[in-house]
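Here's a quick briefing on the side-chain contacts in one protein model. Have the viewer open while you read.

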Amino acid sequence: MGGVIMSHSRRGIVARVIGIFVVMALLVYTSKGLNSDGLNLLEFKKSINDEFNILGNWNPRDRTPCGWKGVNCTADYYNPVVESLDLSSMNLSGTLTPNI
């Protein structure tokens, strides 16, 4: 009977360890979303007309917007920041309204 108790006890420990691992993996996965620069650019994109989908690679699943067309970032590999936008000659249109 002692072997049966040990077997159930080990299964419980293994199940808990696996459960903790799954929760940690989910927390790490969900925390790797788009940074604030990218979120702001996606909000900006809503206000422009991109008839030819030139900004089609602006993907909300990316970690940063630094690979997006027209976006220029700092060279810091670990914490890149948007430095400038070059959206000239892209046939984009729209009206910016101040956010008061």
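What follows covers the core, the aromatic pairs, the disulfide and the salt bridge.

This is a predicted model, so local features need pLDDT of at least 70 and side-chain atom pairs count only at pLDDT 80 or more, while totals for chains, interfaces and linings use all residues. Residues are numbered from 1 along each chain as its sequence is written, and side-chain values use heavy atoms, with hydrogens and water left out.

**Nonpolar core**
- The largest nonpolar core has 10 residues: Leu34, Leu41, Leu42, Ile48, Leu55, Trp58, Trp68, Val71, Cys73 and Met90.
- Helices (H or I, at least four residues) and strands (E, at least two) are DSSP runs, numbered from the N terminus.
- Leaving aside neighbours within four places in sequence, Leu42 is in contact with Leu34, Trp58, Pro60 and Trp68, contact being heavy atoms within 4.5 Å.

**Aromatic pairs**
- There are 2 aromatic pairs in the structure; rings of Phe, Tyr and Trp (its six-membered ring) pair if their centres lie within 6.5 Å, with planes under 30 degrees apart called stacked, over 60 edge-to-face and the rest tilted.
- Trp58 and Trp68 are stacked, at 5.2 Å centre to centre with 20° between the planes.
- Both Trp58 and Trp68 sit in the loop between strand E1 (48-49) and E2, so their pairing ties together parts that are 10 residues apart in sequence.
- Trp58 is buried at 3% relative accessible area, and Trp68 is buried at 3% too.
- Tyr77 and Tyr78 pair edge-to-face, at 5.1 Å centre to centre and 85° between the planes.
- Out at the surface, Tyr77 is exposed at 65% and Tyr78 is exposed at 69%.

**Disulfide**
- Searching the whole structure turns up 1 disulfide, meaning a pair of cysteine sulfur atoms within 2.5 Å.
- Cys66 and Cys73 make that bond, with sulfur atoms 2.2 Å apart.
- The S-S torsion of Cys66 and Cys73 is about -95°, so the disulfide is left-handed.
- Cys66 is partly exposed at 25%, whereas Cys73 belongs to the largest nonpolar core.

**Salt bridge**
- The count is 1 salt bridge, defined as a side-chain nitrogen of Lys or Arg within 4 Å of a carboxyl oxygen of Asp or Glu.
- Glu43 and Lys46 form the salt bridge, at 3.3 Å from N to O.
- Glu43 is partly exposed at 48%, while Lys46 is exposed at 65%.

Technical notes:
Buried < 20%, exposed > 50% of the residue type's maximum accessible area, 1.4 Å probe, protein only. Core = buried A, V, L, I, M, F, W, Y, C linked by side-chain atoms within 4.5 Å.
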